[in-house]
Number of protein chains: 2
Amino acid sequence: MSGSVRRAMPSIEIVAKEAGVSTATAGRALGGYGSVSRKSREAVLAAAERLGYRPNSLARSMITGLTHTLGVLVPDIENPFFSRALRGIADAAHERGWEVLLVNTDEDLTLERKALSVLTERRVDGLVVAPTDVADRDALQAVVDAGIPVVLLDRRVPGLEADTVGIDNRAAAKDATERLLKLGHRSVALLTGGDEKLRDKLSRPGLRGVERLAATTVGARAAGYRDALVEAGVEPRPELVSAEGFRRADAAAATRRVLALPDPPTAILALDSLLALGVLQALRGLGLRCPADVSLVAFDDADWAEAISPPLSVVAQPIYELGAEAGRLLLDRVQGSDKRFTHRRLPTRFIERESASSR
Amino acid sequence: MSGSVRRAMPSIEIVAKEAGVSTATAGRALGGYGSVSRKSREAVLAAAERLGYRPNSLARSMITGLTHTLGVLVPDIENPFFSRALRGIADAAHERGWEVLLVNTDEDLTLERKALSVLTERRVDGLVVAPTDVADRDALQAVVDAGIPVVLLDRRVPGLEADTVGIDNRAAAKDATERLLKLGHRSVALLTGGDEKLRDKLSRPGLRGVERLAATTVGARAAGYRDALVEAGVEPRPELVSAEGFRRADAAAATRRVLALPDPPTAILALDSLLALGVLQALRGLGLRCPADVSLVAFDDADWAEAISPPLSVVAQPIYELGAEAGRLLLDRVQGSDKRFTHRRLPTRFIERESASSR
DNA sequence: CACTTGGGTGAGAACGTTCTCAATCTGTGG
DNA sequence: CCACAGATTGAGAACGTTCTCACCCAAGTG
C-alpha cells in the first residue's frame with residue numbers, strides 16, 4: 001500500500017522552513033536566480049525533494065507578467081489542415097518553453113468572440129488565430145489593444161494590426177487551373193465549399209467584386225481560378241462554380257449538379273481535400289471514372305491522396321511550416337520584437353499524380 | 001486615429017477607485033457574489049466598462065484553487081483518432097466552462113514525463129491522458145497523488161488509480177477476424193503497427209503471453225485476432241503478424257513482405273486507418289486488386305474510407321464519444337465525485353462495405 | 001586602521017483576486 | 001426612543017511566487 005497521501009502541495013514557505021532558511025533564499029535556490037551559498041542551495045533542494053515540492057506557476061505568472069501560454073483558435077481541429085498546423089505551432093511553442101491553450105471555434109462567430117474574451121482573461125502571452133470567414137475585426141483588435149500580440153494563420157483580416165502567415169492562394173489556384181487548361185480542358189468546375197453569399201459575389205462579374213473577394217482564402221482562390229480562365233480566353237461560367245457548403249455530402253451534391261448540366265465540365269478543382277472526397281464519391285455513384293471521364297485536382301496533400309486509385313494530383317501547402325512559422329513569429333513578438341507587421345507567404349507545390357489527364 | 005492606447009489592463013482596485021467604492025464591493029459587483037446595492041453595482045459596472053476592465057483569472061485561481069483548465073496529453077494530434085477525441089474532450093470541457101491545455105507527446109516517454117510535470121506546475125484541475133505504449137505508471141501515479149484526477153483514454157495503465165475510457169479491443173478485433181474467416185479466408189494477416197518487442201511476444205505462444213499482452217491496445221487487438229483463429233480451428237502463423245512500425249510506409253513494406261510468402265494471406269486486418277492506406281498503396285504497386293485478390297478490413301472509419309474505391313469495410317469506434325465521455329468523467333471527479341474508478345467500454349460497430357469479399 | 005567590494009541573507013512589498021470579519025446602515029416592531 | 005434583524009460596506013488577510021532593499025560579513029585595498 002503506497003497509500004496515496006494526497007496532502008496539499010507544499011509552498012515555498014514550507015520548504016524554506018524545512019531547510020532552515022528564508023522564503024527569499026529558498027526561492028533563489030529553487031528558481032535559479034540571485035546568488036545562494038552552496039550550503040543553502042543543497043539544504044533547500046533536499047527539503048524540496050523530500051516534501052515533493054512543485055512550484056506554482058500561477059503565482060509566478062502573477063509576478064512576472066508572463067504565463068508562458070499561447071492561445072490557439074482554430075475553426076475545426078478535426079480538419080487535417082488545422083491539426084497539422086496546430087502541431088507546427090505546438091512544436092514551435094515547446095521549443096521555447098511555451099504551452100498551448102486550444103479553443104475550437106467551430107466556424108461560429110459567437111464562440112470565437114467568447115474565446116477571445118476568455119483567453120484575454122487568462123492572460124495568454126499571445127494568440128494564433130485562424131479566424132472564421134466573417135471574423136470580427138473589432139474583437140481581434142481589442143485583444144491587440146490589450147497588449148496581446150496576434151498572428152493570423154491561413155486567413156487574413158483587413159486592417160488588423162497583426163502578422164499573418166499563409167500561402168499565395170490566388171497564385172496557387174491560378175496555377176492549378178492553368179494546368180487543367182493546358183491538359184486541354186475548356187470546361188473546368190470549381191468547388192469552393194463556401195456559402196451562398198460567396199456564390200453571389202462570384203457570379204457578379206467585374207474587377208471590383210473579384211478584388212474585394214480576394215481578401216478571404218476561398219475568395220482569393222476563386223479569383224485565381226478566374227484569372228486563369230480569363231487569361232486563357234475561356235469565358236467563366238458562373239454555373240460551374242459551386243459554393244454549397246464544405247461538407248463531403250455538399251461536395252457530392254454539387255458534383256452531381258454540375259455534371260448534369262447541358263455542357264458538363266471535364267475537370268474539377270476542389271478547394272480542399274474533404275471536398276475532393278465528395279467528388280470521388282459522386283463519381284463512383286454516377287459510374288464515371290477518374291481521370292478518364294472527369295479530371296480532378298484538389299488543394300492539400302492529404303494522407304490518403306497518394307494511396308487511393310487514382311492517386312490524387314494536388315496543390316500541397318507547407319501546412320506544418322505555416323503553423324511553426326506562425327508560432328515563431330508570435331513568440332518573437334511576445335519576446336519584444338518591434339518589427340513592422342509582416343505578411344509571410346510560404347510557397348506551395350503542385351504534386352502531379354494521376355487524377356488529372358489530358359482530354 | 002483610434003491609436004492603440006495599449007495601457008496596462010486596470011485592476012479591480014482601479015475600477016473601485018473610479019466607482020468610488022472599496023475593492024471588496026467592486027469585487028462583489030463584478031464577480032456576482034455577496035450582496036451589493038443597485039447603486040454600487042451600477043457604478044462599478046459602468047466604471048469597468050469605461051476602463052475596459054478584464055478580470056485576471058490567474059489571481060482568481062490562486063484564491064479559489066481552481067484553474068478551470070484540463071490538461072490533455074495525446075501521442076499525436078495529427079492522428080485523426082486523437083484529433084476527433086480531442087474535439088469530444090474540448091466540447092465536454094467548454095460545456096461546463098473549462099478550457100483545454102494541449103500537449104503532444106509524440107509517443108516519447110521523456111516528453112510525456114516532462115509534460116506531466118509542467119501541467120502539474122500549472123495546477124490543471126484534471127488530466128485526460130492517452131499514454132504512450134510504455135507509459136510511466138509512477139509518473140502518472142505521482143500526478144494522481146498530487147490530487148489531480150486522471151482519466152485514461154484509449155489505452156490503459158495497470159495499477160493506476162484512474163478512470164479509463166475505451167472500447168473492447170479484444171472483442172472488436174475478434175469480431176473483425178471472424179467476419180473474414182466466415183468469408184472463407186483461412187490465411188489472414190494482421191498489421192499491428194507495433195514494434196519488434198510486440199512481435200516477439202506475439203510469436204511466443206501460450207496463454208500467459210497473450211494475457212499479459214492484452215493490457216495494451218494493440219496487444220488486446222492481437223489477442224482478439226488470435227482468439228478468432230483458435231476458435232475457428234485455424235493454426236495461427238506468426239509470420240502473418242507484422243509489427244514493423246505504424247507509418248504508412250511501414251505498412252506498405254509489411255504488406256509486400258507477407259504477400260511474398262510461399263502461402264500468402266488472402267485477407268488483411270489493419271489495426272488503424274493509416275496502416276490501411278499503406279496496404280492499399282502496396283496492393284496498387286503490386287498490381288493486385290482489392291477485394292478480388294486480397295480482402296482488407298481496418299480499424300477506424302476514416303473520412304476517406306467511404307469515398308475511395310473500393311469503399312473500405314471498417315471497425316468503427318465512437319471516437320468523439322470516447323473523448324466526450326473522458327471529459328465528462330474527469331469533470332465529475334474535478335467537481336468532487338468520489339465514486340469508485342470506472343472502466344467504461346463504448347460499443348464499436350462493424351461497417352460492411354466492399355473491401356472484404358468472400359473467397 | 002578605515003574603506004570599499006560583493007556574495008549572501010531575510011524582511012517585507014507586490015501581483016490581483018476572493019474571503020473573513022467586524023462595522024455601519026436601514027427599516028421594523030415594541 | 002430602543003432593540004434587533006438583515007442588507008451593505010470596507011479593512012485587511014490570504015493565495016504563492018518574485019522582486020526590492022537594506023543589512024551582514026569576509027576579503028581585499030589603500
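1. Chain A can be superposed on chain B with an RMSD of 0.0 Å by a turn of 180 degrees together with a shift of 0.0 Å along the axis. That is the relation of a two-fold axis. The C-alpha of chain A nearest the axis belongs to L101(A), at 2.3 Å. The superposition is by least squares on the C-alpha atoms of residues with pLDDT of at least 70 in both copies.

2. This is a predicted model, in which local features need pLDDT of at least 70 and side-chain atom pairs count only at pLDDT 80 or more, while totals for chains, interfaces and linings use all residues. Residues are numbered from 1 along each chain as its sequence is written, and chains are lettered from A and ligands numbered from 1 in the order in which they are written.

3. Between the chains, 45 residues of chain A are in contact with 46 residues of chain B; two residues are in contact if their C-beta atoms, placed from the backbone, lie within 7 Å. On the side of chain A that touches chain B, at least two residues each come from α4, α5, β2 (99-104), α6 (109-121), α7 (137-145) and α13 (273-286). Helices (H or I, at least four residues) and strands (E, at least two) are DSSP runs, numbered from the N terminus. This side comprises 21 nonpolar, 10 polar and 14 charged residues. Here Ala, Val, Leu, Ile, Met, Phe, Trp, Tyr, Cys and Pro count as nonpolar, Asp, Glu, Lys and Arg as charged, and the others, Gly among them, as polar. The copies meet through the same surface, because 100% of the interface residues of chain A are also interface residues in chain B.

4. By class, the surface near DNA strand D has 12 nonpolar, 13 polar and 2 charged residues.

5. Within chain A, helix α5 (residues 80-95) packs against helix α14 (residues 319-334) at an angle of about 40 degrees, with the axes 7 Å apart. Axes are lines fitted to C-alpha atoms, for helices over the stretch in contact, and angles run from 0 to 180 degrees between N-to-C directions. α5(A) and α14(A) are therefore oblique to each other; angles under 35 degrees count as roughly parallel, over 145 as roughly antiparallel, 65 to 115 as roughly perpendicular and the rest as oblique. The residues of this contact divide into 12 nonpolar, 3 polar and 5 charged.
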